[in-house]
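Biologist: Could you walk me through this model? I have not seen it before.
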Amino acid sequence: MAVSFVFQVVMVVTGCISLSASSPLIRSDDTDPLEAVVAKQGQLIAEMKAETTAMKSKLNGEITSIKTEMATHHNLVAFMVTVPHNEDLSHDPRVNFGNPSLNVGGGFHTTTDTFVAPISGLYVFFLKVRGAYAPSGQYMDFVLLKDGKTIAETQTDDQDNADRSSVQVVVQVRKGQSLWVQQASGVPHMIYGGGVYSTFGGFLLQAGDSF
């Protein structure tokens with residue numbers, strides 16, 4: 001499919017060259033004003049550029065899709081994301097991550113901050129969070145959910161007003177099942193971001209439907 005798009009792009013460029021070669025020379029006795037001819041040529045070139053840009057964008061999408069399919073075919077799945085900045089979870093408990101620094105297999109979706117398993121198998125997931133300035137005696141409880149069910153939990157407290165906590169889990173995940181991170185309870189509702197303060201990642205340990 002990607003080859004066909006490349007062929008279309010080549011045809012568009014060839015058309016631009018043919019258009020320039022076949023355009024008649026402007027004579028002093030032409031009835032059409034020079035400005036009108038130049039404007040028409042400019043419009044045609046702009047349309048061809050827009051079409052070429054659209055084809056390039058579509059081709060890049062196809063290449064990304066092919067890479068994802070190849071990685072999945074070879075049972076390669078791994079991702080790593082971080083919280084890009086301090087985040088208030090008082091209105092929405094789900095933790096928002098930035099663009100993944102690693103996303104082999106295309107399992108992590110930035111629009112929903114969710115990992116969706118591209119293939120079934122045993123997965124390893126790890127979560128590290130840094131809670132911000134808990135009042136004395138308070139804590140923040142974070143959970144990793146699989147299709148809405150808690151599979152791992154970690155808690156920060158007020159030991160140093162910016163406590164770090166982490167958890168790892170090995171779990172069977174079927175193709176299409178979703179995993180995400182959210183605050184389950186506690187106060188305050190602020191998680192530290194930036195750098196590698198708060199991270200979420202995982203990888204496929206072994207592909208398969210049953211173990």
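Biologist: Where is confidence lowest, and where is it highest?

Modeller: Helix α1 (residues 2-22) has the lowest confidence in the chain, with a mean of 48, and strand β5 (residues 114-116) the highest, at 97. The score is pLDDT, the predictor's confidence in each residue, from 0 to 100. Helices (H or I, at least four residues) and strands (E, at least two) are DSSP runs, numbered from the N terminus. This is a predicted model, in which local features need pLDDT of at least 70 and side-chain atom pairs count only at 80 or more, while totals for chains, interfaces and linings use all residues. Residues are numbered from 1 along each chain as its sequence is written, and side-chain values use heavy atoms, without hydrogens and water.

Biologist: What is the mean pLDDT of the chain?

Modeller: The mean is 80, and 75% of the residues reach 70 or more.

Biologist: Where does pLDDT stay under 50?

Modeller: That is the case over residues 19-26, for which the model has seven contacts (heavy atoms within 4.5 Å) beyond four places in sequence. Where pLDDT is low, the predicted coordinates should not be read in detail.

Biologist: Changing topic, in what order do the five strands of the open sheet come?

Modeller: The order is β4-β5-β10-β7-β8, with antiparallel pairing. At the edges are β4 (108-109) and β8 (149-157), each pairing on one side only. Pairing requires that DSSP finds at least two bridges between two strands.

Biologist: How many bridges join β4 to β5?

Modeller: Two bridges join them. F108 has F115, in β5, as its bridge partner.
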